[in-house]
Amino acid sequence: MRTREELQRISMSLEEYELAKSILGREPNDLELGMIAVMWSEHCGYKHSKKILKLFPTTGPHVLQGPGENAGIIKLDEELALAMKMESHNHPSAIEPYQGAATGVGGIVRDILAMGARPIALLDSLRFGLLENPRTRYLFSGVVSGIAGYGNCIGVPTVGGELVFEKPYTENPLVNVMCIGLLKGKPKSGKAVGVGNSLVLVGASTGRDGIHGATFASLELTSDSIERRPAVQAGDPFMEKLLIEAILEALEKSDAIIGIQDMGAAGITSSSVEMANRGGVGVEIEVTKVPQRERGMKPEEIMLSESQERMLLCVEKGREEEIRPIFEKWGLNFAIIGHVIEEKIVRVRENGKIVGELPIDLLTEKVPAYDLITKEPEKLKEIQIIENVPKIEDYENMLLRLLGSPNCSSSSWVYEQYDHMVETNTVSIGRGASILRVKGKPYLLGITTDGEGRYCYLDPYIGGMMAVAESARNLICVGAEPLAITDCLNFGNPEDPEIAWYFVEAVKGMSECSRRLNIPVIGGNVSFYNESENYTVYPTPVVGMLGKIENAETICTPEFKKEGDTIYILGEPGNLGGSLLIEELLGEVRGKPSFDLELEVKLEDLLFKAIKSRLINSAQDVSRGGLGIALAECSIWSNLGIEANIETEKTIEEILFGEAQPVVIITVDSSREKEIEQFFKDLPIKKIGKVTRNNFSIKINSNDVINLDIETLKKEWSGGIERWMK
Amino acid sequence: MNFGIVVFPGTNCDRDCYYVIKDILNQPVRFIWHREYELKRIDCVVLPGGFSYGDYLRAGAIARFSPIMSSIREFAEKGGLVIGICNGFQILTEAGLLPGALGRNKSLRFICKYVNLIVERNDTPFTSEFKKGEIVRMPIAHNEGNYYIDDLSKVKKQVVLRYYGENPNGALDNIAGIVNEKGNVFGLMPHPERCSEKILGSEDGLRIFKSIVRSI
């Protein structure tokens, strides 16, 4: 009999324990209980999310692999496919930012590698508290260094992501890492098949680090969490680089590898059980065969260790020696630790003696799936109302203030620490979606991550839709056709009905929008319990999206191209709900964000066609900070000014700083105005002015509102983060 | 012109260099694993960038003991061309094939960005495609690019590239690339293979590889 307290240490309720016991038909021993606890943890078992996640559309003509594997796969052409996946490493990064973020990179890279793909790019979607707070600065610089330290060393470029600073992330930073990889031929699978085939552990040795990391990630953070620092693993990027090269070399030279699986959360336990489950078989493991870097490790420590840079292979029996030399050449362990058995159980032996035995389905299909109890927060209606907004006295000053705030300013302090060019595919970063070329192919790739917690906090259904729509719009703006989504859903404690409501609504919104835009969700990750004593994170679904650009001629970029071009706005700017301006003026996020899905569908369709037929010279999405910020960025990036006059019935605040979506700024040759107006006649389209040599001047209803030189804009924008991080 | 690209465990710009030499310049090229000794029929050895041995201990400090390094030393003594890019430059200084050392960047942070460089010498086999005094743009990406030597006068004449305008890493006398006295071993922190195609933003780097091809 176990006590409630004992079970709480491993994030298991007494009820769950009783359930597991009744399925098993006996009391589990310590090893078995540890294995059940990690596999039943939210982190591995998705018990609060799996029912809801079924809402996502997951199929489409290009999808080769949807959710359920190490990563999703999209077909690019007859020869190449692309693996993509995003994952969170929030909890470890809150405790130990450098290693937390570093091992987040390591894990996602191995997920891509497990599909037989060479990782070609990383993106990081990061959220922290405000930089005024010294601990935030510690977490922020630690996370960035961790990503840089790991990603740079393994030679995978970090080419994009997001950076948000908002109070609710103070104690729970969000570190979501996305990786994409290219593969030729048939994707690999993380499955074990063929009775008698070997299970081979390759990579690093196993130590005591990260034991119960998965259960730790399934708890709220408390002041005692710091004591759980040992649950955070330590990464060795050099080892990971060797693992990448060895695995890819082995796959190229031999077909003896049947299945590959990342060994991440819950270590050997989850990787062997998942492989067995996918293959419909059982596995037997001899723990003494596992290369260990510490003496005297107990079977449960070996089975639960989350030591990094390890992978599990299923290798055809008798052909192990074909690939062993490749791993030895790269200086890696190659240890046959077990084999596939017919009976669908995981059997653990120590020196031949059985020390644990559990049915596979107890650890997979029979993980409880909970119906969420949801309740719309009472305060929601109240926070959706905006009242008593102070009048802005000086619009120029406000524009500069927002432009120089870490949420809008240049993120060069971050991306200059990342090697974003290795692999020599990086065509464009830091301006909307990132663009990568594919060597030997005419087409290019667009990739982006997007998600606004603020919008979701105020209206999760709308916010969920906007996360998908903004990603797609960012891709369209660079000329890329959106192909697939991977996501990271970051929320608080799902056992709280209000949090559960947010979660369900956000997923519904995301599903609706991806369905309407025809973009399947091919993988992702859920991170709950992102809350602590003082804060719960904004409900933050983050979307990672991949698109394909037909050829180098149809690339579009957001910056202005030349003096004299005419500037148009597509869509209807306005609505201050959820805007940065409101937060700036009222000290809190308020209002109801506005989004028009039908307009989005039409706008994306026409804009994509216009870019493909090279009608327009630049396209910039209007999002965080509103039209004023978006126009300023176009000027900063191009060193060209604007002369604009916007005729409107809305207020200056709404026009300059409203964040209603969709709104896109485009520029065109002045000789093509008629053609453009005809082309976009079914959309709200407004000519607002022209591109000039240097001054940044905006009039509203012919009244001067903004008149600044570009150097002033640049100075504010470029120093937003540096001034805190000196 | 036969190129050989040395691969150490942790090297990560090997395939990028290979692509430029093979696919852009159509020159014969092969990878050389660091445990090999053979440099037969090679005209130019490339030590590419990356993190050989994870940069553990000190960048380049372990790689210099690899078996291939003794062959490279002989090869260089006989006048063979050797170019070390970034981590390759660090390995060449650690191995004593080039003077000086590369310390941590002044900012103590990794820096990846385009920088301006001034070409100080165009009479080397690596820079004949440039004009003397020309300003070019190439990207850097390193933790340890802060060039140092106790007696600067020893290498004054061997400086091939200097940072122009901003000095990104604190390098002494703005040194970004130097050759040995004989002029056949070249080390530079910028990555020419990353700026050898128009689509990547600059073709200035290609001229280094073209210079090498032209030299034979």
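A: What follows is a close account of the salt bridges, pair by pair. The model is a predicted one, and a search of the whole structure finds 75 salt bridges over all chains. Side chains of opposite charge can pair when their charged atoms come close.

One of these pairs joins A:Arg118 to A:Glu245, with the closest N and O atoms 2.9 Å apart. This pair links distant parts of the chain, since A:Arg118 belongs to strand β4 (residues 118–128) of chain A, while A:Glu245 belongs to helix α10 (residues 237–253) of chain A, and the two are 127 residues apart. Buried means under 20% relative accessible area, and A:Arg118, at 18% relative accessibility, therefore counts as buried; A:Glu245 is likewise buried, at 13% relative accessibility. Elsewhere, salt bridges that share partners join A:Glu166, A:Glu452, A:Arg454, A:Arg624 and A:Glu659 into one network.

Another pair is formed by A:Glu6 and A:Arg2, whose closest N and O atoms are 3.4 Å apart. Here A:Glu6 is partly exposed, with a relative accessible area of 39%, whereas A:Arg2 is buried, with a relative accessible area of 12%. A further salt bridge connects A:Glu27 with A:Lys21, the closest N and O atoms being 3.6 Å apart, and in this pair A:Glu27 counts as partly exposed at 34% relative accessibility.

Terms used:
Residues numbered from 1 in each chain as written. Chains lettered and ligands numbered in written order. Predicted model: local features only at pLDDT ≥ 70, side-chain atom pairs only at ≥ 80, totals over all residues. Heavy atoms only, no water. Salt bridge = Lys/Arg side-chain N within 4 Å of Asp/Glu carboxyl O. Buried < 20%, exposed > 50% of the residue type's maximum accessible area, 1.4 Å probe, protein only. Helix = DSSP H or I, 4+ residues; strand = E, 2+ residues; numbered from the N terminus.
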